[in-house]
Amino acid sequence: MNSDYYQLHAQRFFSETVDVDMSEMYRPFVAHLKPGARILDAGCGSGRDAKAFSEMGYAVEAFDASVELVELARQHTGLPVKQMRFEDVTEVERYDGIWCCASLLHVPLAELPGVMTQLSEALKPGGVWYLSFKYGCGEREKDGRRFTDMDESGLGEMIVGLSGIEVVECWLTGDKRAERQNERWFNALIANKPSH
């Protein structure tokens, strides 16, 4: 369902999101990364964040499920953005940071634990992971897209089964797009405990 939406609306979605200033979201994430760290932008959409991290000097890999968005993101970033889904991530301990900005919210609640497990295995010990969801709990459909909403307790339940993963901080923000400032976002920074 969501892939159909992005197929039909890729250019509009790209235009609405590519210039949104996300610098205040980047700060807590990159504060945990060493220079040149390897970041996975999972569900990169327009490529806005992948481009920003690349320009900061990080080694960035990015993917999206939408063929149309992948093409737009490649053009925007100059990076070899891959067309794949969260379930296709098979790397183990490859990334210092994983960035899931407004992307995991399209994964059905029943599939989220499996996807989170795969992504957590791709994160190096000591690595950091940013995720954002619309604030709330449960699943809903809006304008032809499925959403899984999240709050503090939902995230707590989600990471119970993830070995070594702990919550660093959670915070709420308004939408960065002017026409959607009344929408609330749940942001979380979680980390993989360093191996001893």
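User: What's up with Asp 41: is it buried or exposed, and which side chain of opposite charge is nearest?
Analyst: Asp 41 is buried but has no salt bridge, and the nearest side chain of opposite charge, Arg 48, is 7.5 Å away. Buried means under 20% relative accessible area, exposed means over 50%, and partly exposed is in between (1.4 Å probe, protein chains only). A salt bridge needs a side-chain nitrogen of Lys or Arg within 4 Å of a carboxyl oxygen of Asp or Glu. For charge, Lys and Arg count as positive, Asp and Glu as negative, while His and the chain ends are not counted.

User: What does the side chain of Asp 41 reach, then?
Analyst: The backbone nitrogen of Ala 50, at 3.1 Å. Asp 41 itself is in strand E1 (residues 38-42). Strands (E, at least two residues) and helices (H or I, at least four) are DSSP runs, numbered from the N terminus.

User: Before we go on, what kind of model is this?
Analyst: A predicted model: local features need pLDDT of at least 70, side-chain atom pairs count only at pLDDT 80 or more, and totals for chains, interfaces and linings use all residues. Residues are numbered from 1 along each chain as its sequence is written, and side-chain values use heavy atoms, with hydrogens and water left out.

User: OK, back to charges. How many salt bridges are there in the whole structure?
Analyst: Ten. One of them joins Glu 55 and Lys 51, at 3.1 Å from N to O. Those two are four residues apart in helix H3 (residues 48-55), so about one helical turn separates them. Glu 55 is exposed at 59% relative accessible area, whereas Lys 51 is partly exposed at 25%.

User: Which residue does Glu 139 meet in a salt bridge?
Analyst: Arg 146, at 2.7 Å from N to O. Glu 139 is partly exposed, with a relative accessible area of 41%, and Arg 146 is partly exposed too, at 32%. There's also a network of salt bridges linking Arg 38, Glu 61 and Arg 94.

User: Switching to rings. How many aromatic pairs are there?
Analyst: Nine. Rings of Phe, Tyr and Trp (its six-membered ring) pair if their centres lie within 6.5 Å; planes under 30 degrees apart are stacked, over 60 edge-to-face, and the rest tilted.

User: Why does the pair of Trp 99 and Tyr 130 count as stacked?
Analyst: Because their planes are at 20 degrees, with the ring centres 4.1 Å apart. The pair links distant parts of the chain, 31 residues apart: Trp 99 is in strand E4 (residues 95-100) and Tyr 130 in strand E5 (residues 123-134). Both residues are buried.

User: Which residues do ring pairs link into a cluster?
Analyst: Tyr 26, Phe 29, Phe 53, Trp 99, Tyr 130 and Trp 171.

How values were computed. Polar contact = N/O pair within 3.5 Å; in protein donor to acceptor, adjacent residues only side chain to side chain.
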